[in-house]
Structure formats: structure tokens, C-alpha cells
Amino acid sequence: MKLDQLDNSKVPKDEMQDGGLSLEDPVNLHSKKLQDDLQTMGMKIQLHEDNIRFLRTLKDKLVDSIIDLQVILGKYHASNTPKIENKDVSDTQSEDEPSDQEQILQQENTAASILCQLKTNPKMLASDPTLSDDVLGVVAELGNVDDNTLSSLLSEYLGTETMLAIVCKTYNGVKSLEKYDTEGCINKTSGLHGFGTSLGKTLEGRFNVISLETLRPYPGEFVADDPQKRLDIPKPKLPNGDCPAGFLGYAVNMININRAYLFFLTASGYGLRETLFYSLFSCLQIYKTRAEMLQAVPCITDGALSLDGGIIKRSGLFCLGNRDDAKVSFSKTSTNSSLPDRYTESERQMKEMKWKKEKILEDMRREQALLDSLKLNFEKKKAEFVQFLAEAAARQQTPVAMGRSTGK
């Protein structure tokens, strides 16, 4: 051992660093690896912390901008409230025409009527946060049209079941409406069935529910500078290249989105027109007369309607016979519902900012989860490094102690 110590003491310091004892090489390598891992993890932690600070700054700016817009909109409402209160009758419907909600409520023991009645009881609705937050409403109340004839035609085309369909933002809303037991049977005490029982109603039969997040949106562009964000769908063309006579437009663009939902956006950034109404009507064409519609058959792909009652469901499927009065129809657009351009733009900006804020909050939650996971792994790696240093120090002290005892 003395000879080994003498030999080792004669080795130059530089050579010790280059070669050193063979037993120390794995130790040094492992130590360096642990230090590199800790440094890399520390850099990643700092990156996520910087990202969170940046996102928080963006969120705070958006919140300030939203508050400013809310003040502007609030001033508009305050200045126009007296004028609205002086109205004797609602502008949307005449006295002998029921509103869309009244039409829905008249459909006894349906899911749509129970939902409309439930909306008048906020406390009961608040007992199910998923249902209250995720359910938008019924198809019939989400849009309106300029003409009663067109309203009847579109409602007849869709059918009562679709007009009464409940619209949800995500599939979570669909699941909240109806729950099942372990055997797959409907749980009558929860969901919409349970609320119906509380309201003295019995939900009968099936009902349709639409999840906006699962719909395939319109892939094209929008009409420029249109506050209603109508879809820029090319006009149909006959084989000779001309637009058919009597063509009035596409049904999806003849629906006016209800003001309360005009700037609604899904989590993916799509509105009601390019999701809900595009899935219901697609490129359904509207013509002035049946004769003009029939002449345009060569360029009709997704069906067509005529104001005098003609219906083509889809290419090759014609609906004949007498028209049925629709039990539920879209309400007529209010003649006094137009808003100043500044108000409409401010409302659009606020909806867009709220959507951006939600996306930023999602990014912050994701960054925080990654940061928490990294910090946990960092603490584990640090504990491993500390233990390694302690074990290495103990190994270095052991030969020294042995050498002293031998010398004695």
C-alpha cells in the first residue's frame, strides 16, 4: 500500500486529471451526469416559469381591455334603456304570434320545453354547473329570419325534432343531460329527467342533442365586413356558367344569429353559423318559385326550397303534397334590432378577447402542470445527487482510515 501511495504521489496533477485512478472514472462520470441533468432540468424550469409570467401578462392586458369594452357597452345600454322601456309591444313578434320560447313551452313533456322552463329557475339550473355552463339552448331560439314564409319553410325542412334539438358546446353537456345506471338504463332522477320530475313534467320519448365540438365546420371564408359573419359560398352555376334564375341565396346565410349568440365561439374558435347552421343546412339553396327551382336542378347538390312551397331534400329527393304548419318555427327578426356599427364591433371584440383569455388560461394551466412535474423530478434528482456525494465522501475516507491502522 505504501508503494502504491508513493507511485500515485509521483504522478503529476495534470496526469491525474487526464487519467486518474481507474476506480474514480465511473464515479466522476456519474457525478457529471447528475450535475448535467440538474442543470438541464433547472433550465427547463426557468423556461416554464418565464412562459407563465408572459402568459399572465397577456391575460392581465386582455382583462383590462375587456373591462374597458364592458364600460363602453354599459354606457350604450344605459343611454338606450329608456327608449326600450317605452316600447308597448315586442318588436320581434306581433301580439297574435307566440315567441320562440312560447312555442317551445307549448310542446309539453319535451326536453326542449323542460330546458326552457328550467332557464326561468336559475337556482335549480345552478345545481348542475356542467348543464348550465355547457348547454346553449334550443335550435329554434338560436336564430331568426326576416320573413315568416321563409321561417315556415326552413322549420318544415328541418322538422320539429330538429327544431327542438338541444345545442351543447361540448360532449360534456350531452352527458349532463342524461345519465345511466350500471345496467345502461336511464337514471330518471338525474339530468334533464330529474329536473323534469322536479318541475312536475315527465320527459317522454327520444330527443336530439347536438354537440358543437364534434361538428365539421365550414372550411371556407366569410363575407367581408358582414356583422353577421355570413359564409362566402360561391353562387350555384348551371352547365352554361350562368347563375340560375330566381336564386335568392343559401339558407345558412338567411338565418340571423340571435344577438346573444352572435359572437359565441367554440373552443376551436368557430361560431354558430359555420358549425350548427352549416351542419343543418349545408348549401341548401333558396329560390323564388318552384318552377325556377326545378330549372336549377342540375346545380342543386344539397337540396333547395322555394318560397311557394317547393322542397328538394337533396339531389333526387323531392317532397310533394300539401304543406304542414310547423309546430315550432324561427321567430321573425325585429325591425328595430339593428345596432350601431361601433356597438357591434365592440361586442365582437369583447367576445373574441374573452375567447383568447380562456385559451391563455388553458395554456397557463398546461405550463403550470409541466412546471410542477419538473420541480418534483428536480427535487428527486437533487436528493439522488446529495446521496451520491455522501456515499462518495464515505468511500474516500475509508482507505485513509485503513492506511492509518496498518501503519500503527
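This is a predicted model: local features need pLDDT of at least 70, side-chain atom pairs count only at pLDDT 80 or more; totals for chains, interfaces and linings use all residues.
Local features here need pLDDT of at least 70 and side-chain atom pairs count only at pLDDT 80 or more, while totals for chains, interfaces and linings use all residues. Residues are numbered from 1 along each chain as its sequence is written, and side-chain values use heavy atoms, with hydrogens and water left out.

Let's start with the sheet. Helices (H or I, at least four residues) and strands (E, at least two) are DSSP runs, numbered from the N terminus, and two strands pair if DSSP finds at least two bridges between them. An open sheet of 3 strands runs in the order β6-β2-β11, with mixed pairing. Its edges are β6 (256-257) and β11 (331-332), each with a single partner strand, so one side of each has no neighbour in the sheet. Strand β2 (residues 143-145) pairs with β11 in the parallel sense over 2 bridges, and Val145 has Lys332 in β11 as its bridge partner.

Now to helix α13 (residues 273-281): 8 of its 9 residues are buried, so the helix is largely enclosed by the rest of the structure. Buried means under 20% relative accessible area, exposed over 50%, and partly exposed in between (1.4 Å probe, protein chains only). Among the buried residues are Phe277, Tyr278 and Phe281. Just after α13, Ser282 takes a positive phi of about 50°.

Rings of Phe, Tyr and Trp (its six-membered ring) pair if their centres lie within 6.5 Å; planes under 30 degrees apart count as stacked, over 60 as edge-to-face and the rest as tilted.

| Pair | Centre to centre | Angle between planes | Type |
|---|---|---|---|
| Tyr218 and Tyr278 | 5.3 Å | 65° | edge-to-face |
| Phe247 and Tyr250 | 5.3 Å | 70° | edge-to-face |

Tyr218 lies in the loop between β4 (209-211) and β5 (247-250) and Tyr278 in helix α13, so their pair ties together parts that are 60 residues apart in sequence. Tyr218 and Tyr278 are both buried, and Phe247 and Tyr250 are buried too. Phe247, Tyr250 and Tyr287 form one aromatic cluster.

Finally, the surface: Leu294, Val297, Phe318 and Leu320 form a nonpolar patch with about 390 Å² of accessible area together. Such patches join nonpolar side chains (Val, Leu, Ile, Met, Phe, Trp, Tyr) within 5 Å and like charges within 9 Å, using residues with over 30% relative accessible area and no salt bridge. A salt bridge is a side-chain nitrogen of Lys or Arg within 4 Å of a carboxyl oxygen of Asp or Glu. Leu294 is found in helix α14 (residues 290-295), and counts as partly exposed because its relative accessibility is 43%.

Notes
Accessible areas come from the Shrake-Rupley method with a 1.4 Å probe; for residues, only the protein chains shown count as cover.
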